Amino acid sequence: MKKRLVSVFLVGAMVIASLAGCGGSGSSSSSDTAATTADASGSEAAAAGSAGGGHSLTVSAWDANFNIPALKAAAEDYKANVDPDFELTINEVSGSSDLETAITTAGSAGDYSQLSDIVLFQDHYIQKYVSDYPDAWTPVDGADIDWTDFGEEKLSYSTIEGVHYGVPVDNGTCIFAYRTDLLEEAGYKLEDVTDCTWEKWIEIGSDVYNKTGKYLMSMDGDGNDLPYIMLQAEGASQFKDGEPYLVENETMVSCINLIVDAVKNNALYLANSWSDYTDQTIQGDMVAGVMNGNWIIPTVEQVADNSGKWEITNLPTIKGGGGYAANGGSSLYITSNCADVDLAKDFLAKTFGGSTATYDKALTDGGVITCCISAGQSDIYQQGVAYFNDQPIYSKIVEMGTEVPVVEQSDYHYDCRRLVAAAIINIIQNGYTTEDALKEAEEQLRFQMGL
């Protein structure tokens with residue numbers, strides 16, 4: 001029998017990240033024997049790296065309740081098991097945009113001397129910044145890391161032209177969580193929404209709404225991640241050969257029509273904003289299901305009265321059979337300002353490169369779920385989570401992550417998301433046809449891309 005994990009152990013440590021799954025803000029002045037956190041902001045956050053030939057490194061990252069505890073866990077692990085003299089200085093920034101600004105500022109000036117040795121960077125943005133500022137980065141090839149121990153989709157962001165630039169940190173694998181008590185009230189079980197088609201899901205969702213008054217899912221209508229998630233679960237992309245692929249993309253058209261149908265049948269609620277999505281629909285008890293990157297779990301867990309009522313499964317697909325996708329996530333990158341590259345590579349390899357000790361503590365202290373397959377087989381990951389009816393959800397999420405298909409990405413991912421979200425609203429509220437709405441979105445995206 002699986003061991004039981006008291007979910008309050010994690011709830012206190014886990015917080016909702018940004019819509020990319022790893023943003024956030026906050027400050028920390030705490031220190032321990034291996035890591036010290038220093039507050040900073042803007043481009044100043046990427047305070048200069050350490051001197052070479054020593055036992056110390058600097059890293060810039062955000063989120064005092066998520067990424068920072070994971071970095072501290074890694075520092076403690078490395079100090080205890082590799083180098084007793086090791087020290088990690090963590091320069092905490094207010095969000096991922098601070099690091100993007102720091103790289104842009106340094107790259108524009110051709111001076112990378114103020115960058116930390118290592119920086120945390122969002123997966124969806126890194127390829128653009130490696131392309132625009134190639135001199136800012138030091139590849140991690142040569143580090144003692146078994147890359148086959150990570151899912152292909154996660155590595156596809158940080159591997160550029162066959163070169164490994166980053167080491168994965170947090171897992172963005174999508175889950176579909178359901179209130180099993182509400183499903184049962186409407187006459188359904190978790191098995192009915194597992195491996196199902198979207199058409200069947202909409203039918204069930206409409207029935208659940210009619211019987212319970214709850215939507216089977218909500219999503220932020222302004223920054224709508226649903227089209228991307230649905231497409232990836234089908235192994236499809238919004239881009240083709242570097243250009244927008246919306247109007248002639250039959251899978252995209254099908255997904256948009258399904259979304260519109262789900263809204264019209266009260267299976268899906270499109271919230272007015274991110275706060276409406278998290279605070280009103282999820283925590284406000286409007287839904288019987290939640291689908292997004294697994295970083296949405298802490299938001300779900302905020303409603304203590306619903307403990308034991310939730311369970312997770314995979315995503316519907318157009319033809320059925322179960323779908324897998326990812327949304328959000330980040331990795332750690334060595335900058336060209338790092339004077340001790342060998343130390344940086346060794347630190348990353350022996351912590352986030354596969355250490356069970358690092359990932360176990362990152363999970364319990366900050367809610368960071370590993371992308372490393374072997375680390376996801378530890379006792380901590382195998383334990384049942386009380387809030388999710390004692391499902392061992394963390395090992396399940398790691399396993400699901402290995403199934404996420406690799407699809408074409410673009411530097412214009414978020415621009416596309418915004419324009420497709422507007423297209424959906426135009427169809428639902430303004431009488432657009434799907435073709436006209438997607439045509440307008442694609443034209444605007446092409447303009448923004450300079451095509």
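Strand 3 (residues 56-62) is largely enclosed by the rest of the structure, because 6 of its 7 residues are buried. Buried means under 20% relative accessible area with a 1.4 Å probe, protein chains only. Strands (E, at least two residues) and helices (H or I, at least four) are DSSP runs, numbered from the N terminus. The model is predicted: local features need pLDDT of at least 70, side-chain atom pairs count only at pLDDT 80 or more, and totals for chains, interfaces and linings use all residues. Residues are numbered from 1 along each chain as its sequence is written, and side-chain values use heavy atoms, with hydrogens and water left out.

Strand 3 runs parallel to strand 4 (residues 87-93), and 7 bridges join them. Two strands pair if DSSP finds at least two bridges between them. W62 stands opposite V93 in strand 4.

An open sheet is formed by 3 strands in the order 15-10-16, with antiparallel pairing. Strand 15 (289-293) and strand 16 (310-313) stand at the edges with a single partner strand each, so one side of each has no neighbour in the sheet. Neighbouring strands of this sheet are turned by 25° against each other on average, direction ignored. Strand 10 (residues 174-179) pairs with strand 15 over 5 bridges in the antiparallel sense. Within this pairing, A177 has V290 of strand 15 as its bridge partner. Helix 15 (residues 393-401) lies across strand 10 and strand 16 and runs at about 20° to strand 16. Axes are lines fitted to C-alpha atoms, for helices over the stretch in contact (heavy atoms within 4.5 Å). Angles run from 0 to 180 degrees between N-to-C directions.

Helix 8 (residues 226-233) is also considered. This helix is largely enclosed by the rest of the structure, because 8 of its 8 residues are buried. Among them are Y228, M230 and Q232. Just after helix 8, G235 takes a positive phi of about 75°.

The largest pocket holds about 160 Å³ of space. A pocket is an open set of points on a 1 Å grid where a 1.4 Å probe fits, with protein on both sides within 12 Å along at least five of seven lines; lining residues have an atom within 4 Å of a point. The lining includes G221, D222, V263 and N272. Strand 14 (268-271) and helix 16 (413-430) each supply at least two lining residues. Helix 16 gives the largest share, 3 residues. By type, the lining divides into 5 nonpolar, 3 polar and 1 charged.

How values were computed. Points joined across faces, edges and corners; volume = space filled by probe spheres on them. Nonpolar A, V, L, I, M, F, W, Y, C, P; charged D, E, K, R; others polar. Buried < 20%, exposed > 50% of the residue type's maximum accessible area, 1.4 Å probe, protein only.
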